[in-house]
Amino acid sequence: MSLRETKRRATARALAQAAFDLAVERGVDGFTIDEVAARAGYSRRTFANHYAGKEEAIVAVATERVRHALDTAPDEDLPLVDWLQAVARKQLSDGLLMVLRDLRVLAERHPPLRPHLLEVQRCIRETARDAVLARLDGRGSRIYAHLLVGAAYGALTCVLDG
């Protein structure tokens, strides 16, 4: 990943975290985009370069954590299932489960957030599937990657529902 892309992702991650933190503290309607940008240390224009609105930024914290865990994934020589377990442990230790739980609570209180949360959940599954496919590097079938990611995501959904 280039330095420019690394900085772009760091900015998006900081803005998403600021939006999420403000939503948890004050509720989705309790803050403005200007406050998100100020808390993250960026301008409103920078916010607009990354997100269409605060709902999109709030839920993006989950996607950013997934991407960060994949970017810092363990040794490529691990067998696929061991690698997936290591990535899952990294995501959980980074608080992804709690973030998803908090997003679900926020979406229950603020229904306009729901479609954004569904989109993030889809993006998480696609990101995980793409990472598995990249690890397989043509050595396995696409259906195997879909099933593996579906099983992992299904288990996570059961935990969130419970």
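The lining of the largest pocket comprises 21 nonpolar, 2 polar and 1 charged residues, where Ala, Val, Leu, Ile, Met, Phe, Trp, Tyr, Cys and Pro count as nonpolar, Asp, Glu, Lys and Arg as charged, and the others, Gly among them, as polar. The model is predicted, so local features need pLDDT of at least 70 and side-chain atom pairs count only at pLDDT 80 or more, while totals for chains, interfaces and linings use all residues. Residues are numbered from 1 along each chain as its sequence is written, and side-chain values use heavy atoms, with hydrogens and water left out.

**Confidence**
- The protein chain has a mean pLDDT of 88, with 99% of its residues at 70 or more; pLDDT is the predictor's confidence in each residue, from 0 to 100.

**Largest pocket**
- The volume of the largest pocket is about 510 Å³.
- Its lining has 24 residues, of which L84, A88, Q91, A152 and Y153 are the closest to the centre.
- Two or more lining residues come from each of α4, α5, α6, α7 and α8, and the largest share, 8 residues, is given by α5.

- Beyond its neighbours within four places in sequence, Y51 is in contact (heavy atoms within 4.5 Å) with A12, L15, A16, E56, A57, A60 and E64.

**R9 and A73**
- R9 lies in helix α1 and, not counting residues up to four places away in sequence, touches M1, E64, R67 and D71.
- A73 sits in the loop between α4 and α5, and it is partly exposed because its relative accessible area is 23%, with buried meaning under 20%, exposed over 50% and partly exposed in between (1.4 Å probe, protein chains only).
- Leaving aside neighbours within four places in sequence, A73 is in contact with W83 and V87.

Conventions
On a 1 Å grid over the protein atoms alone, a cavity is a set of points where a 1.4 Å probe fits but cannot get out, and a pocket is an open set with protein on both sides within 12 Å along at least five of seven lines; lining residues have an atom within 4 Å of a point. Grid points are joined across faces, edges and corners, and a volume is the space filled by probe spheres set on the points. Helices (H or I, at least four residues) and strands (E, at least two) are DSSP runs, numbered from the N terminus.
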